[in-house]
Amino acid sequence: MLLDDPFNKKQIPVAQNGSFFTGHLNEFQKSPLRFMRTLTSRYGDIVRFRLGPFQKVILLSDPELIKEVLVTKQKSFIKSRDVQSLKALIGEGLLTSEKEMHMQQRRLIQPAFKKTHINGYAQDMIDITEEYMNKWSAGMETEITEDMLDITLGIITKTMFSMDFKEGHELLGDSVEKGMKLAIKRMRSILPMPLWLPTKTNREFKQVAKALDELLFNIIGNRRQEDGLKEDLLGILMEARDEEHGTGMTDEQLRDELMTIFLAGHETTANALSWTLYLLSQHPEVEEKLHNEIDAVLGTESLKPEHFQRLPYTQNVIWESLRLYPPAYVIGRQVDEDVEIGGYLFEKGETVLMSQYVIHRQADYFENPDDFTPERFENNFMRTLPSYAYFPFGGGPRVCIGNHFAFMEMVLVLACITHRYRLRLTPNHVTIKPQPLITLRPKPGLRMILEER
Ligand code: HEM
């Protein structure tokens, strides 16, 4: 079946066998990863389907077309509805704002994520990890997915507010976790209930949002009273001034951006680290090479920020892990005005999905795509790929602002852990599967044993 096309453009293939009312909603909800991979192998670079009676969706699996959506013609798109539903929790921060407002905020915030600032956070990243590992001992069994969430939360609170681990965790840990869980619930429901409806989830959501608001406004208010400038993220964001008008951010804007950075930057990194530790446990030959590199660079010393540059294999282990299990496994956009992409007509209101999980596993770009082979990233492999065949951090004007931060954090945390320990799944573990929520998690979690090296 082909759709009518008033502009006489190329026809987008339409996925067959959807239900009359719900389209392909059931298959999508049951297993979005399998569904998107199957559609791509059946229909190729582009296919249209329906989720529910009205929501038309286009799945793109061609790097050229993805580049048009994310970069060349990005002005014709806005964020998809699931991201918009996050506004109730994180307001109009970078992740959810659009157009002029987004560009303005991005200009203000970008300097805080410059490499020079990020390098200054490396020692904090190491200290938080070392401190956390004091809880660990040889032979201990632990839930690694939880540990990684704790470590990345510790790192974000330290680098953002200069709070130590215990203080940050006690003050923010609980509310952030609850907020994330409820946000996931809202995003997954096909029609999020308007917040004024007194449903149980809505009531909980409002309570958590209020608690987080109070906490963050308190932190911001206290900081405004302090003398002198702190070089943490909050300090830099408070000092940021719009070049044109010289204005800074209001407390509300600061609150939205802080919440956004928590939400966008904490679970993604934790999941990437968990997947990496899982992959290493399954590939002893890669693990051994990683250990050899870390031992050769560190010897008996403990990790220092300057070691980061000298760990190319460790870096490639992270790149390869982000390829196989990209925490952001799909990017969504909504068509904001009719637009032509690669000779096809995309209609206003349609949703466009572009899945890193699908594209990162295409044999056209990656030899033996399901294998875990960090060596493939040697010799500037990324430069040989078409742009948007590998895009764990997205691209264009909305590329992840925390990409350097996250990459450095993942390499340093991984090096700290593997310098001391070899991790193995407990003998009675069940098969680990990717669970696509807001980010891609290992399901049902990773229960692992810490073997001293
Ligand atoms: C492995 C870790 C991470 C991954 C895979 C990741 C991935 C992404 C992706 C794919 C996007 C683009 C989404 C889109 O275009 O719709 C994004 C946006 C964003 N990320 Fe990350 N991210 C990570 C870590 C971080 C960290 C550590 C921070 C902050 C400290 C952060 C802050 C943000 C923000 C604020 C945005 C919105 C940018 C904008 O729209 O201008 N992320 N991230």
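Glutamate 267 is buried, with a relative accessible area of 3%, where buried means under 20%, exposed over 50% and partly exposed in between (1.4 Å probe, protein chains only). This is a predicted model, in which local features need pLDDT of at least 70 and side-chain atom pairs count only at pLDDT 80 or more, while totals for chains, interfaces and linings use all residues. Residues are numbered from 1 along each chain as its sequence is written, and side-chain values use heavy atoms, with hydrogens and water left out.

**Salt bridges**
- Glutamate 267 pairs with arginine 441 in a salt bridge whose closest N and O atoms are 2.5 Å apart, the term standing for a side-chain nitrogen of Lys or Arg within 4 Å of a carboxyl oxygen of Asp or Glu.
- Because glutamate 267 belongs to helix H13 (residues 251-282) and arginine 441 to strand E11 (residues 440-443), this pair ties together parts 174 residues apart in sequence.
- Arginine 441 is partly exposed, at 23% relative accessibility.
- Arginine 323 and glutamate 320 also form a salt bridge (2.8 Å, N to O); arginine 323 is buried at 0%, and glutamate 320 is buried at 0% as well.
- In the whole structure, 27 salt bridges are found.

- Cys400 (SG), at 2.3 Å, is the only protein donor of the iron atom of the ligand, donors being N, O and S atoms within 2.8 Å of the metal (3.2 Å for Na, K and Ca), with water not among the atoms, so sites may look incomplete.
- Cysteine 400 sits in the loop between helix H17 (381-384) and helix H18 (403-420).

Note on methods
Helices (H or I, at least four residues) and strands (E, at least two) are DSSP runs, numbered from the N terminus.
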